[in-house]
Amino acid sequence: MMQQWTSLAIGAGVILLGVLLWQEYKRASKHWLAARLLATTLAVVSLVALGIRHSSTAPTSPGNKRDTTTTSKPVFTSGYWEKTLPYLAPMRFQGKYHNTTDTTIRLHLTYAGIGLDSTTVAAGSDTTVNLQTVPPFLGSGMLQLLAISNKDTTVYPLPVEVMPEKRISVLFIAGSPGFENRFLADWLATQGMPVAMRSRVATSKYVTRFNNMNPVPLDAISTKLLEQFDVVMADPEALTASEKNLLQATISTAYKGLVYLADSTHGPLKGTVLLKDSLGKPSVTITPQGMGRLLQLGSSNTFAWKLQGDTLAYGHYWATVLSAAAGNTGVTTALQLLPFFATINNNITISLKNTGKQTDSVLLAGQVRLPLAQDALLEDHYTATWWPSKTGWHTFRWGTETYHGYIFAPGEWAELREEIPAGVVPASQDKGKGPINWYWILPLLASCIFLWLEKKL
Amino acid sequence: MVKRGYNILTAWRNRWIILRIAAIVIQAMAVALTGCALWGKPGIFAGVAYLGIFLINFLLHLPDKTEMATWLNQQFPELEDSAGLFLKDPQQLNLLESLQVQKISARLALLNLPLSFYKPVWNSLVMWLIAGALSYIIYSRAGNLRPDKPIAKMQVEKVLPGILRSTITVTPPAYTGKQVRKQAAFNLLVEDSAAVAWEIMTKTPVSKVNLLFSDSSVLALKPGTDSTSWFGTKHILHPGFYQVQLDTLLSGYYQLQLIPDHPPLVKVNSPQPNTTIDFGRPPLVRIDARLTDDYAIKNAHIAATIASGTGEGVKFREQQFNFEQSFTARPNAITATKTLNLNSLGMKPGDEIYFHIAVTDSRSQQTLSDVFIVTMPDTAALFSMDGMVTALNIKPEYFRSQRQIIIETEALIRDKDSLGVAKFNSRSNELGTDQKLLRLRYGKFLGEESETNIGVGQHDHDDHDDHDHAKEPAFGDADALMDQFAHKHDNAEDATFFDPEIKKQLKATLTEMWKAELQLRLYKPQEALPYEYKALRLLKDLQQKSRAFVAKTGTKTTPLKPEKRLSGEQDKISPAIMKQAFAYNDPDAVVRAALSILDNPGILPSADVRVAELIRQALGRLTTAAAREPGKYLASMEALPKIQEGKAGTSDYNIARQGLYHLLQPRTLPQPGVRPQSKLEETYFKNLKKSGSQ
């Protein structure tokens with residue numbers, strides 16, 4: 001509308017100018033011809049400038065995100081996924097999709113053209129989207145999210161790095177030999193996890209078992225013993241009060257997980273629900289204990305699943321329980337690129353967290369040496385500034401550690417990138433009512449006065 | 001003068017021809033467009049064919065100049081039917097003619113061609129518009145129907161440049177009953193055990209031609225008269241892939257897919273797995289089965305075993321029956337039927353027949369169906385009280401009633417002749433009443449509405465609050481009888497302590513009683529008898545079912561109480577120490593790492609030793625899989641070396657990754673997270689503890 005008015009005003013101005021100039025030129029008296037023509041031109045230009053509102057010349061900001069929701073293109077209004085994942089852990093993409101079109105849009109999570117998960121967004125709706133899959137690769141790789149409307153396909157890259165496999169060492173403390181513990185220990189041991197088990201058979205006699213580790217005395221539970229394990233699976237009845245206290249104290253100061261096996265003497269499970277059974281009742285709960293975690297199990301016959309041959313369900317159950325119990329055990333360092341959608345030829349902040357011992361003050365981004373600045377308040381937090389010149393995966397080296405980070409191309413996830421440079425105020429929303437430039441009245445009046453006077457003189 | 005007129009006429013004729021040709025070309029393009037929308041690129045040939053046919057037709061029937069003159073005469077009256085004069089030799093014109101030529105040639109120069117002259121072109125353009133609209137509709141509809149997944153394109157197979165021609169003759173084995181077929185393509189899809197004959201013609205004489213198979217066997221083709229034609233035959237017994245070798249030159253990999261021959265399938269529609277033929281029912285069993293095979297069914301029969309007698313005296317007799325249908329035509333699907341008459345097989349009440357159906361296909365693969373059991377219950381055994389009185393504390397009178405009814409019905413049938421019609425009918429009706437009473441008793445268990453009845457008259461429901469169990473129930477008083485075993489603090493609706501399965505059977509029993517009662521009331525005790533027997537049998541079954549079973553469960557030993565037990569001397573006890581290390585190796589780690597390498601196209605082919613080794617191992621996995629399922633993995637197996645050599649396109653990366661992806665097995669593993677703990681949290685927690693302890 002605004003644009004039309006502007007062109008209309010300019011068009012009318014040009015015609016008016018032509019007519020007036022011709023009239024001036026045709027006049028018999030050629031007195032002050034050049035000055036008259038100039039004055040006429042100035043008068044018409046001023047008149048047109050008064051007519052045109054100022055706002056049409058205001059800069060439009062590319063980072064003005066709200067605008068995208070009013071255009072006809074369907075877009076993500078938010079999107080997030082974990083860029084770094086443990087081995088065999090599912091990648092969960094969560095986002096909000098705004099479908100502005102009048103057709104249903106299908107969202108596909110794919111890898112190399114293989115559909116892994118999908119959902120639909122109904123026409124004209126604003127829907128939260130949840131998609132998940134286990135990335136098939138080990139190391140850095142690329143999943144893709146396809147938004148398919150009738151014929152258009154938009155590709156959104158989902159770069160993910162899968163960390164190498166890690167071992168969780170588990171200590172079992174059992175009140176009596178039982179199938180549940182034995183099946184679980186067997187399952188863990190065949191996958192290479194260090195396992196130690198102590199089952200009481202008499203007052204002070206224990207049957208012990210060690211898999212993938214050297215035997216250690218298990219008769220007495222001590223802090224030193226517990227240091228060797230990431231997760232402790234204990235039968236609450238098998239522990240004396242002092243042992244229980246020691247366990248609790250160790251767990252709460254050492255990022256470890258303690259799993260209490262099902263116990264009929266306990267009441268209902270307490271804490272946040274981690275897993276529910278088929279009836280919707282809590283089956284596993286988790287409670288933070290200082291720096292560690294306490295998990296309570298509601299059932300102790302999962303070995304029956306294994307006997308029935310349902311190995312996958314058994315695996316899912318215990319992978320969930322033990323992963324939750326292990327927490328972030330053994331992780332000392334991580335690297336993150338900021339902003340989330342780090343784009344080529346932009347200022348990228350590399351944020352490095354390190355709780356272990358590391359002394360190098362320089363981070364290598366490919367061949368580029370980047371000095372690291374330690375945070376003034378958080379001693380384990382370092383940052384560096386970087387301008388990537390290539391898209392795709394980049395390798396970073398810091399001392400002996402290697403990290404990976406992905407740099408997006410300018411067209412990827414464009415709708416979610418924040419590109420408002422500092423200091424630029426987003427343009428006013430009401431475009432239609434810009435202020436009139438009243439200062440143009442001066443040249444208009446001056447020209448008119450000149451032309452009037454010239455005729456009189 | 002004549003010359004000028006002749007020139008104009010010729011020029012108009014040429015213009016007309018050009019216009020017609022242009023029209024045909026435009027029409028052909030329209031046809032090609034429609035064809036393209038319908039069939040894709042090959043559709044263009046429809047346009048080419050159209051152009052060829054109409055152009056040749058037009059050129060064969062070109063109008064001559066006389067026709068043109070005639071057309072002009074018709075079109076323009078001012079030419080006074082004299083346009084033909086321009087075609088004559090000027091010397092041969094007579095005076096009148098030359099005068100006429102002078103007159104009209106001036107007019108001819110002034111004439112304008114009418115619009116209708118250009119009509120063919122306009123018509124063609126209209127055709128174009130229609131074709132365009134049609135194509136758009138087809139295309140947009142096709143767009144809606146487009147499949148979600150990218151269609152895996154069959155790759156055009158690459159043939160060695162030295163090969164002039166190849167003919168592959170596939171002779172399907174006899175069991176398929178299929179014809180010999182020939183193909184030129186090297187990718188093979190053949191029946192199990194088919195004989196494949198290769199005939200390869202080379203452009204120049206070569207010294208040897210070999211076929212290298214994935215099971216590392218080599219088929220050396222034999223040369224013909226000159227060294228340009230080569231022959232060889234092989235029986236294909238397992239799937240895989242192969243290469244053609246000309247001298248030292250190796251071709252790409254060709255698929256060798258096998259169509260397996262599945263054993264025949266049997267679907268038995270009737271009878272049910274367990275069938276009971278009640279007393280009084282015709283002793284016939286109709287067997288109805290659907291037999292299918294992928295090629296042909298050679299034979300099928302019913303193998304039956306008849307068991308007679310009980311306990312130690314049981315005897316078995318085996319017998320084989322053919323179906324009523326013949327299998328000489330070797331159908332690949334047939335509905336086979338057979339009716340067995342149990343009496344003619346010599347079966348008596350109490351005997352059982354077990355049978356299964358055996359089907360053999362043309363490759364002599366046999367399938368046996370499940371075993372079906374048909375029982376003829378022994379009516380005498382139903383009356384026996386064995387097991388009933390001993391196993392459960394049952395009150396026999398409720399079950400005796402049904403037996404009593406049967407006995408009396410049989411007695412009634414026996415005495416029919418001596419009783420006379422009126423007596424007979426009245427006794428039959430009485431039996432019906434008894435049957436009804438019994439049904440009402442059992443109906444109580446299901447919470448059915450109670451009916452008070454004849455023997456007692458109207459009965460007050462409320463006077464049972466005192467629970468007078470000692471009182472003997474009056475005959476036919478269902479409520480009073482119920483009191484003996486039902487605890488009546490609640491209404492009948494709540495007396496449903498049976499599980500749904502039992503209730504279902506109880507309902508079925510009641511239905512049989514209904515039917516028996518109906519027949520009795522119609523004075524047809526003979527027809528009521530089967531229902532009575534069935535009701536009795538169901539009741540007996542019920543009685544067996546109501547026994548409770550405790551399912552076996554896994555054992556979990558109770559924790560020992562050390563303060564009470566095993567508190568003696570334990571010095572000599574040395575418990576076992578189990579120690580074992582597992583050589584663990586994640587089989588899919590190689591494939592997963594290779595996938596990550598393929599996801600970073602920059603890494604290959606200028607990769608380091610470790611990466612090259614990973615790709616080599618992944619290729620090994622793919623090769624093994626391709627030998628098993630060439631259709632699924634062969635393309636990936638070919639794409640991966642291309643990537644290694646740096647000769648691959650984007651599609652090769654995708655194909656390689658798809659193949660590797662399908663190799664992965666689902667697996668779960670407990671893993672710790674990836675985020676390091678923050679020092680801030682740790683400090684906070686420590687300070688919290690400190691302030692808490694102060």
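Mentor: Happy to. Let's start with residues 121-139 of chain B: this span is 100% helix and 0% strand, and its end C-alpha atoms lie 26 Å apart. Keep in mind that this is a predicted model.

Trainee: What does UniProt list for that stretch of chain B, residues 121-139?

Mentor: An unreviewed UniProt entry gives "transmembrane region" for residues 121-139 of chain B, and also for residues 17-39 and 44-62.

Trainee: And how much of residues 44-62 of chain B is helix?

Mentor: That span is 89% helix and 0% strand, with 27 Å between its end C-alpha atoms.

Trainee: Switching topic: what is the strand order in the open sheet of chain B?

Mentor: The five strands of that sheet run in the order 2-1-4-8-7, with antiparallel pairing. At the edges sit strand 2 (181-183) and strand 7 (222-223) of chain B, each pairing on one side only.

Trainee: How many bridges join strand 1 to strand 4 of chain B?

Mentor: Eight bridges link strand 1 (residues 163-171) and strand 4 (residues 195-202) of chain B. As one of the residue pairs, B:Arg165 has B:Met201 in strand 4 as its bridge partner.

Trainee: Now chain A. What is its mean pLDDT?

Mentor: Chain A has a mean pLDDT of 84, with 89% of its residues at 70 or more. Over residues 55-70 of chain A, though, the pLDDT is below 50.

Trainee: Which element of chain A has the lowest mean pLDDT?

Mentor: Helix 3 (residues 65-70) of chain A, at 43, while strand 9 (residues 170-174) of chain A has the highest, 93.

Conventions:
Residues are numbered from 1 along each chain as its sequence is written. Chains are lettered from A and ligands numbered from 1 in the order in which they are written. This is a predicted model: local features need pLDDT of at least 70, side-chain atom pairs count only at pLDDT 80 or more; totals for chains, interfaces and linings use all residues. Two strands pair if DSSP finds at least two bridges between them. Helices (H or I, at least four residues) and strands (E, at least two) are DSSP runs, numbered from the N terminus. pLDDT is the predictor's confidence in each residue, from 0 to 100. Two residues are in contact if their C-beta atoms, placed from the backbone, lie within 7 Å. UniProt positions are given in the numbering used here, feature names are shortened, and annotations may be inferred rather than shown by experiment.
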